[in-house]
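Please walk me through this structure.

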Protein chains: 4
Amino acid sequence: MAVWLQVDPRSPTPVYQQIVDGIKGAVAAGWLKPGDRLPSVRDFAVSLAINHNTVAKAYQELERSRVIEVVRGRGTFVASPGQRPPPDVEERIEKLRDTLRLAWIEAYHLGLVEDEFERMFRQARDDARGGEGKEGL
Amino acid sequence: MAVWLQVDPRSPTPVYQQIVDGIKGAVAAGWLKPGDRLPSVRDFAVSLAINHNTVAKAYQELERSRVIEVVRGRGTFVASPGQRPPPDVEERIEKLRDTLRLAWIEAYHLGLVEDEFERMFRQARDDARGGEGKEGL
Amino acid sequence: MAVWLQVDPRSPTPVYQQIVDGIKGAVAAGWLKPGDRLPSVRDFAVSLAINHNTVAKAYQELERSRVIEVVRGRGTFVASPGQRPPPDVEERIEKLRDTLRLAWIEAYHLGLVEDEFERMFRQARDDARGGEGKEGL
Amino acid sequence: MAVWLQVDPRSPTPVYQQIVDGIKGAVAAGWLKPGDRLPSVRDFAVSLAINHNTVAKAYQELERSRVIEVVRGRGTFVASPGQRPPPDVEERIEKLRDTLRLAWIEAYHLGLVEDEFERMFRQARDDARGGEGKEGL
DNA sequence: GTGGTCTAGACCACC
DNA sequence: GTGGTCTAGACCACA
């Protein structure tokens, strides 16, 4: 419960964003379930070897995304999915649509044919659902 | 040849990246064909109303991606696809794989079911292939 | 006498503040009348499923606001309105004035026109006076 | 253009929130107009005698509220109202409704009669519209 | 020069 | 104990 997330300070992706992605992924894969408690910002910061403000920023973003819920003075918990959808679902879906469009373009320029890319797409689904552990199947 | 690309300085996506995406997209859609000549850095900068350094940075990135070829003294041209694949294809494919994985995760948190997301994926392919004009079919 | 107040630990509003608001609201709506006895700190804490220190803090604040009166050894009672105004009325009125000013500003940024907002203001009066039960009319 | 906002570090309202409120107020009053440029985070921090991170946090919140727009590398500008409403308008309106309800309750406990409070409400509108300067009339 | 990110260390409110 | 805020100072990407 303290090694399931790693962070690369040299990545172009901001560290707080890596945490956001990591936790969203853990929830989607079923490793974290609604009601589960996340480490405190300071504990998490220690185990990730980063500053606690960075974790706090990630938690705030995750709360805005309705992935987690902060209970005053008690801690941070995984939210129940679908209960309160994020306020900007529409925009996020539009952004996701654009991400897919750009992915197709990138695939074209990397010389991937349609079949290959569709296989990659389905493989990515399995990876997102808990690759190694196969929890999502 | 100067209105097919628009750039939004207020977007969170860097302007040079918008140019890269725009040109990659135009090539993938078939609007730009191998051998077509691109505007000069300075002309392009003027018609996009941005700094020419920004266009230069985009062209550099596009050359590294083997999407365009700069012929000193003659101009900049769309490259033939697949001739000289970019040196870091492996890395780029890995990044693309990760993009798709994150997209599945995001879809989960936006409450999209598998069918919806797969439909979105195929729709994105058609959009990437020239949406309105249907050139790519 | 124990279900008319609910508290949400996940709300950004501190729990003790929710209690204060709830009791002030119940008094203003006429659900609680001068002389009515409030639950003991410990009983209230049990029925709200929270720490008793939190209830105690709420009661302290309510006493400073002259909404309730604590009679040592006998219990806690709803005070008679207007008898002993809180010592800092001026300050509180000034704060209320500022709240209204900020509300107008927020209304502007939410695109509400003057009429809409005034209607909302009057509707809020009816809500404060006991919404469903109409006791305050 | 550098003294129109003051900040009180001892206020219970967070400093970044004071900045947010101040700028929202200046826009609502007409002191700041769409397209106007705001001071850079660092300049503003100096003139407010606070840390630049605090200003940055306020700017990010204002951007989420669609009150300002950040143009990469160029600066921060007042947005055109109503163009892109904030993604969570519904929730904000609900919160505003609750604010008004609580204001009525508070008014009751401060011994204000209905007429007085309605006058205060209209006075607050005039204050929000640029009190001293009367720009909004 | 602009905003964005991060660190190290501090204080505070709340429970 | 929890998260939230703030400071001082640093580095980076972008235009």
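In this predicted model, a polar side-chain atom of Asn51(D) lies 2.5 Å from a base nitrogen of DNA strand F. Other contacts go to phosphate. A backbone N or O atom of Val15(B) sits 2.6 Å from a phosphate oxygen of DNA strand F.

Now take the whole surface. DNA strand F is surrounded by 27 residues, and Asn51(D) and Val15(B) are among the closest, along with Arg42(A), Val15(D) and Thr54(D). Of the atoms of DNA strand F that come within 4 Å of the protein, 66% belong to sugar and phosphate.

Next comes the helix packing. Two packed helices are described by the angle between their axes and the distance between the axes. The axes of helix H5 (residues 114–128) of chain C and helix H4 (residues 89–109) of chain D come within 8 Å and cross at roughly 55°. H5(C) is therefore oblique to H4(D). Their crossing is right-handed.

Which residues meet there? From H5(C) come Phe117(C), Met120(C) and Phe121(C), among others. H4(D) brings residues including Leu96(D), Leu100(D) and Trp104(D). By class, the residues of this contact are ten nonpolar, four charged and no polar.

Notes
Residues numbered from 1 in each chain as written. Chains lettered and ligands numbered in written order. Predicted model: local features only at pLDDT ≥ 70, side-chain atom pairs only at ≥ 80, totals over all residues. Heavy atoms only, no water. Near = heavy atom within 4 Å. Polar contact = N/O pair within 3.5 Å; in protein donor to acceptor, adjacent residues only side chain to side chain. Axes fitted to C-alpha atoms, helices over the stretch in contact; angles between N-to-C directions. Helix = DSSP H or I, 4+ residues; strand = E, 2+ residues; numbered from the N terminus. Parallel < 35°, antiparallel > 145°, perpendicular 65-115°, else oblique. Left-handed = near helix turned anticlockwise from the far one by under 90°. Contact = heavy atoms within 4.5 Å. Nonpolar A, V, L, I, M, F, W, Y, C, P; charged D, E, K, R; others polar.
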